[in-house]
Amino acid sequence: MVTFNVPRRPPMPELPKLTKGGRTLIAVLGAVILLLILGNVYVNQYTDLLWFRSVDYSSVFSRRLITEILLFLVFGALMAIIVAGNVVIAYRLRPPFRPVSAEQEQLERYRTMIKPARGWILAAVVTLIGIITGASASQRWETWLLWRNGQSFHHTDPQFHKDVSYFAFTYPMQRFVLGTLFAIVIVSLIAVLATSYLYGSLRVQTPGPKWTPAGRVHVSVLLGVLLLLKAIAYWLDRYGLAFSGRGIVTGPSYTDVHAVLPAKTILVFVAIICALLFFANIYTRNWTLPAVSFGLMVLAAIVIGGVYPALVQHFKVSPSAQDLESPYINRNIIETRYAYELNFDGSDKNVTVDAGYQGVAPAGTTGKALLADTRSAAQVRVLDPNVVSQTFDQLQQQRSFYSFPGTLDVDRYSIDGKLADVVIGTRDIDLSGLQTDQRNWINQHLIYTHGYGVVAARADTADAKGSPDFIEKDLPPTGPLALAPPESPNAPRIYFGENSPLYSIVGAPSTAKDRELDYPTDTGTGQASNTYDQNGGIPVGSFWHQLMFAWKYRDKNILLSSGVNADSRLLSVRDPRARVQKVAPWLTLDGDSYPVVLNDQILWVVDGYTTTSGFPYSEQQSLGSTTKTSLTGGASVAAQNNRNINYIRNSVKATVNASTGQVEIYAWDQAPTTETPDGHPDPVLQTWEKAFPGVVQPQSAMPAGLTDHLRYPEDLFNIQRTLLAHYHVSDPHSFYNGNGFWNVPYDPTVDSKLTATKRPAVQQPAYYFTMSPDGGTTAPTFSLTSPLVSLNRRNLTAFLSVNSQPGPGYGHFEMLEVPSNQVTAGPLQVQNAIESTTAVSTQLSLLRQGGSRVTLGNLLTIPVDGTFVYVEPIYVQSAGTGAFPELRQIATYYNGSVGYQPTLEAALTSVFGAKGGSSPPSEPPNGGNKPPKSTTKTLSQVIADAQAAERAADKALKRGDLAAYAAQQKRVQRDLNRIAALLNSQTHAFPAATATPTPTATSTVGVTPPTTSTTSPPG
């Protein structure tokens, strides 16, 4: 007998042993790291609690924290216990004797190595897995609370006939729990396989049976449970079809209903049968039958769940898709309109379509009538809040450490007894304006703590220099808005604003000298000082609180500075949107908060939305893309994230006091009645009110007068106008063809030949201004408006406006639809016509040659007497430091004609021919009714004069000689008038070069002197 000596493998090298000192050092370092981590967690949670207490919403903090801890512990412990239990079971089911083999010999060394610390290793691994699972589960606190507190929608889906609350609240929770159970079973299975292999229950390379009987039973049970979970998943997949994207719209299509839905039901039973066969393997102890059944299930999933629906789609649906899909498209139209509150009929109707709006004035309408009707039908906004922020800065900033938002807001206030649109902005603190030698900790956190007051100007006019006609201005503020004087407790100090610093420390004993800069003055020390005496902010008088915030902000000065005293308060989370979001984290907030002057105080108003992506058959929309316009993404208008929704309500209006920072949240419904003064509560809001009781106050609790300044929110309107571009089509067959679809126009002022900046095409923003929604029949009301254009974004197809004045009719949409067989110029074509007009391009080219910057204002579309008028203010900013945009001209467009005048009245007159046809250029401000006598000069000579005057004006501005600057600007205007007169003496019609068929543009470019109308801005 021949024997072979199999050489033994050398033993595995032992790990080097640590000395006692090394072990101590590692233990100390580990303890320090752990303490730092736990310390950060504690500091963040404790300071958050202090913040919530300061705004009286500590219940929000505690409810959310308790929910997160509960989810962390329950799901983390569930994962850890089940995985650990399976590992222990697998270990105890290990065979008492293992056959001798090279594989087992290798494993024996590992078993020996981990034996001393086996329990610790298991505890560490399952604890880590449990922490990861618990941390993930704690992030689903919203899903949990929605499920626990869900309220009925009282609206059922058309396919499964379940209340929408199931899809919005219950279904996401079911999916979350199912996903967690899948993870638990899969991790347990991996752990059992690893343990079984390590301890010999699974022998991959050893001759003989690969599994011990006990190991086979254990794994069979886990696989059976996994298949049962898969059966549940198939069942839930049936309801998931409510959000299917297989068809051309969201929701179950013909194939989903007639092929996928039955297939999912069949696969439920197939998965259950396969699971039972795996359980049967406990007794049969043979992998053949379970393996065959599992293979058949995979085959069934491919054939029944994939191939069969594909065949139905290809051979039955595609040839007759328009007819077969029509019922399901109709469901989508109905449910989408309901979910986005676009009701074309019924008791909740809020969309009126005027399909007879011809886009042209009735025959016999005179230019004089059009001019009068334009005056009465709209407060034409010539002061663009997106342009004049820099002008506000230069004229009303007062000091470099103040600034106004990049995009100002539009509101309405009573001026001389009449309600007027105004452009308004807060004078906020801006630490970036401090000089280098002023930028120290004391100045940035103790001295320059707040802004002061608001500045407002009429939206429909400008002064003689083209600057805003301020109605509220200066420091301390003066004007009709009746802000409280500086000595009043309600003085308009802005401690909480859109540009406020990260944190400021305010307050001092009553005997201490005022330290905070209040506002600059022209007497004495050059400034008025103040000490914060409101109840806003977090008390930081104690050493403990100072220590906590010094740790939080990594700033030792909070702890060491003598400026922090027993009465100090720390102001943090100062942006109005951020404060509301912290108090109500379940809300989606509008990107633009706006200031309101009410009862001597300044309040910030923030619109809040309740949303869900769980509304069956409703079309999914991306918040980020549908709300993005040429204004979003800046410091003043925040961009939304790109998550998808298919249901939205403006269910909340929140206010933030600019002085105290107090947050108030009110339920809001746009259709309150006498019987239901708080409107019809939104079910999503009701659910959150149950989850966080006391956070949302009823609508009736709003301060008196606040509703006069509320408005329809922009982001909601942007989503709705995007949907209405398609969902104005009611017929499913027409919807399938898409021939009647429209689009939101691009902003034509972004990529313009007249401006120096070039940016990618982006949607035109909606505009607030007072106008008649049907062009003159209905009384003007404060509205949010937008044109809609054809799919190629050229021709105007409709004009959309929504009533933004709370009261009867609030939230009602008026859609003026232009006949499809009529070509009406859209914003891009109108902009092209304006820029292609010789007089316009010539004058603005001259200005740019002198180094000036041309800025195009908002291109407004205004319905008047069955037609549309376009108005665009044009601003010019001289070269040099300290220059700012000034309203130089008004461009108008009507029926193929372009007007370009220094006043709105003159620009409208030129396109309407209100003085009898196409009028010749009228007098300059200092002349009569005839062209200037200097037309004896040649055109080139007058152009040279204008350029020289512009250069002289720039030089005067640079050296600070404002009188000389104004004189040279008058010379520029005079020469421009002469150029216009010379051009008009040659011809009155200027063809507009357009890429698409557009009426030829004509222009009258003479300058009209200022009229008596207060709505006409002089140049």
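**Close-up views of a predicted model**

**View 1. Pairing of strands E3 and E4.** Serine 414 stands opposite leucine 419 of E4. E3 and strand E4 (residues 418-426) are paired antiparallel over seven bridges; pairing requires at least two DSSP bridges between two strands. Helices (H or I, at least four residues) and strands (E, at least two) are DSSP runs, numbered from the N terminus. The model is predicted: local features need pLDDT of at least 70 and side-chain atom pairs pLDDT 80 or more, while totals for chains, interfaces and linings use all residues. Residues are numbered from 1 along each chain as its sequence is written, and side-chain values use heavy atoms, without hydrogens and water.

View 2. The open sheet has the order E3-E4-E7-E8, with antiparallel pairing. Strands E3 (409-415) and E8 (468-472) are its edges, each pairing on one side only. From one strand to the next the twist averages 45°. Helix H12 (residues 389-396) packs on the sheet and touches E4, strand E7 (454-462) and E8; its direction makes about 65° with that of E8 (axes are lines fitted to C-alpha atoms, for helices over the stretch in contact; angles run from 0 to 180 degrees between N-to-C directions).

**View 3. Surroundings of phenylalanine 692.** Beyond neighbours within four places in sequence, phenylalanine 692 is in contact (heavy atoms within 4.5 Å) with Val60, Arg63, Arg64, Trp141, Leu145 and Trp586.

**View 4. The largest nonpolar core.** A nonpolar core joins buried Ala, Val, Leu, Ile, Met, Phe, Trp, Tyr and Cys residues through side-chain atoms within 4.5 Å; buried means under 20% relative accessible area (1.4 Å probe, protein chains only). Among the 120 members, Ile505, Trp586, Ile665, Trp688, Phe692, Val695 and Phe813 touch the most others. Helix H19 (residues 714-727) supplies the largest share, seven residues.

Key:
Buried < 20%, exposed > 50% of the residue type's maximum accessible area, 1.4 Å probe, protein only.
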